[in-house]
Amino acid sequence: MKEMDDRQLVQECLKGSKNAFEQLVDKYNKVIFNLAYRMTGKTDDAEDITQKAFIKAYEKLESYNPKFEFYSWLYRIAVNESLNFLKAKRKYKELDPDMITGEKNPEECCLDNELGLRVQAAIMELDPRYRILVLLNHFQSCSYKEISHTLNIPEKTVKSRLFTARKLLKEIIIQKETI
Amino acid sequence: MKTKYIEFIHKEIDGVISPSEKQELDAALKENPELQQLKQELKHTSEILKQVSPLEPSPNLKKKIINAIDFSRYSPRTESMDWLSKLTGWIWKTKFRLAYATAAGMAIGIVLSLLLLRSPFSNEPIPLSELYGTIGISDKNYKTLNEFTINLEGINGLVKLNSYRDMVWAELKLATNQSSEIHFNYNERRLSFKAWRPIDEGKTILETDKNLVKILSEKQCHCLVLFRKSTNNFYPLTLHIMQSGKTVFTKNFSEEE
């Protein structure tokens, strides 16, 4: 059977095909999970965000514009979910700093290698506004234009924020000798 | 250090530098050791990021996502759209276009009037997203049937039972000192389970059985459990909260309340 592209799969979903949406989940759950993990630093939280992002994507499927890439639209949803999560977590932390330790469980330490953990620690020091730029550019290989569409900001802003983010990350890595 | 050259370095890392910019940058690098160091450090950072391999999510993530989605959302309307497109395609092929168009217009009018005057127990699905955060719903069909707080040793929280047209849903906002099982027992002839929506970041898992919806929750649980009514009187509906295999809280919802 010929493999369908994302736009065709979305059309099938809108006709009620569960299988078509399963194919989209198959194709993108790992990418979205990794994006959420690099944003939050915890696998449990990343899984929850991935789940919510797909639920939201399904509910809003009719609003997807096929002029743009599906993954870019899905990234936008996942990015918003991650930022909302971080915002809520920050509020929660303010209320009770002992509730969330930010420590990794043994499973997470096994999943990520040593370099991965050290890079993640450095990324987590970036403001989420900058963190997302590094993730989309370096981990998802998105172009300036794709990032601009995903985050709904002008390309010029993408460049200036990405360059600042990269510079900050370099300083964290060098100055704190994280790597 | 000129901002222009710093931008060129970033563009080179991203592989979008033009040949003329590259030439200009190379010339500047030869004369500026500070710029050379910056380029080296930025490239090093980029190389480190490239070495990080992606993580594998847990194998049941896909199943978890699929189970949480209400796939009935798109099916009924699409069926009706297929029917309409078949009908209109047939009309425009004939030479009696005007007559068929009038008939079709009348038919659409009748369908629309029926939709506007539909019974509260029609089968048209209500978008589930409208049910949570019901601030915008001001119509009389929206009702809070029951609302109570639980203040027991080890369980605190709020339970709300709401109804909107043929939908009825429970909103749970619970904090417990240990993992709990939350059971909803219902009469299958009067209610049918439609969907479950976890809202907060707490870890909750759903299991369903005949006449039973079971939520396995860790210490935090904020979720919606949605049912569709088959009759106006959808009771009995019972909530049980269990910890370590023992029932620690029971609530029988009834019409009198």
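Predicted model: local features only at pLDDT ≥ 70, side-chain atom pairs only at ≥ 80, totals over all residues.
**Entry 1. Chain B as a whole**

I began with the contacts of chain B between residues at least 6 apart in sequence, and found that 54% of them join residues at least 24 apart. I then looked up the secondary structure of chain B, which comes to 6 helices and 10 strands. Of its 257 residues, 20% count as buried.

**Entry 2. An open sheet in chain B**

I asked in what order the strands of the open sheet stand. I read the order as S1-S2-S3-S8-S5 in chain B, 5 strands with antiparallel pairing. At the edges I found strand S1 (142-152) and strand S5 (191-198) of chain B, each of which pairs on one side only. Neighbouring strands of this sheet are turned by 15° against each other on average, direction ignored.

Strand S3 (residues 167-176) and strand S8 (residues 220-229) of chain B are joined by 9 bridges in the antiparallel sense. I noted Cys223(B) in S8(B) as the bridge partner of Leu172(B).

**Entry 3. Strand S4 of chain B**

I next examined strand S4 (residues 180-186) of chain B and asked which residues form its covered face. I found Ser180(B), Ile182(B), Phe184(B) and Tyr186(B) there, whereas Glu181(B), His183(B) and Asn185(B) make up the uncovered face.

I looked up two pairings of this strand. S4(B) runs antiparallel to strand S7 (residues 212-217) of chain B, with 6 bridges between them. In that pairing I located Glu181(B), of the uncovered face, opposite Leu216(B) in S7(B). S4(B) also pairs with strand S9 (residues 237-243) of chain B, over 6 bridges and in the antiparallel sense. Here I located Ile182(B), of the covered face, opposite Ile241(B) in S9(B).

**Entry 4. Helices H7 and H9 of chain A**

I turned to chain A and asked at what angle the axes of H7(A) and H9(A) cross. The axes of helix H7 (residues 128-139) and helix H9 (residues 155-175) of chain A come within 8 Å and cross at roughly 95°. Angles of 65 to 115 degrees count as roughly perpendicular, and I therefore recorded H7(A) and H9(A) as roughly perpendicular to each other.

From H7(A), I listed Tyr130(A), Leu133(A), Val134(A) and Asn137(A) at the contact. The residues they meet in H9(A) include Val158(A), Leu162(A), Ala165(A) and Leu169(A). By class, I recorded 8 nonpolar, 2 polar and 2 charged residues for the contact of H7(A) with H9(A).

**Entry 5. Helix H8 of chain A**

I asked which residues of helix H8 (residues 144-151) of chain A are buried. I found Tyr144(A), Glu146(A), Ile147(A), Thr150(A) and Leu151(A). They cover an arc of only 160° around the axis, so they lie on the same side of H8(A). Just after this helix, I noted that Asn152(A) takes a positive phi of about 60°.

**Entry 6. Where chain A touches chain B**

Finally I examined the contact between the chains, which takes 37 residues from chain A and 29 residues from chain B. H3(A) gives the most, with 10 residues. By class, I recorded 17 nonpolar, 7 polar and 13 charged residues on the side of chain A that touches chain B.

Technical notes. Residues numbered from 1 in each chain as written. Chains lettered and ligands numbered in written order. Helix = DSSP H or I, 4+ residues; strand = E, 2+ residues; numbered from the N terminus. Buried ≥ 20, exposed ≤ 12 C-beta atoms within 10 Å, placed from the backbone. Contact = placed C-beta atoms within 7 Å. Axes fitted to C-alpha atoms, helices over the stretch in contact; angles between N-to-C directions. Parallel < 35°, antiparallel > 145°, perpendicular 65-115°, else oblique. Nonpolar A, V, L, I, M, F, W, Y, C, P; charged D, E, K, R; others polar. Pairing = 2+ DSSP bridges. Arc of directions from axis to C-beta.
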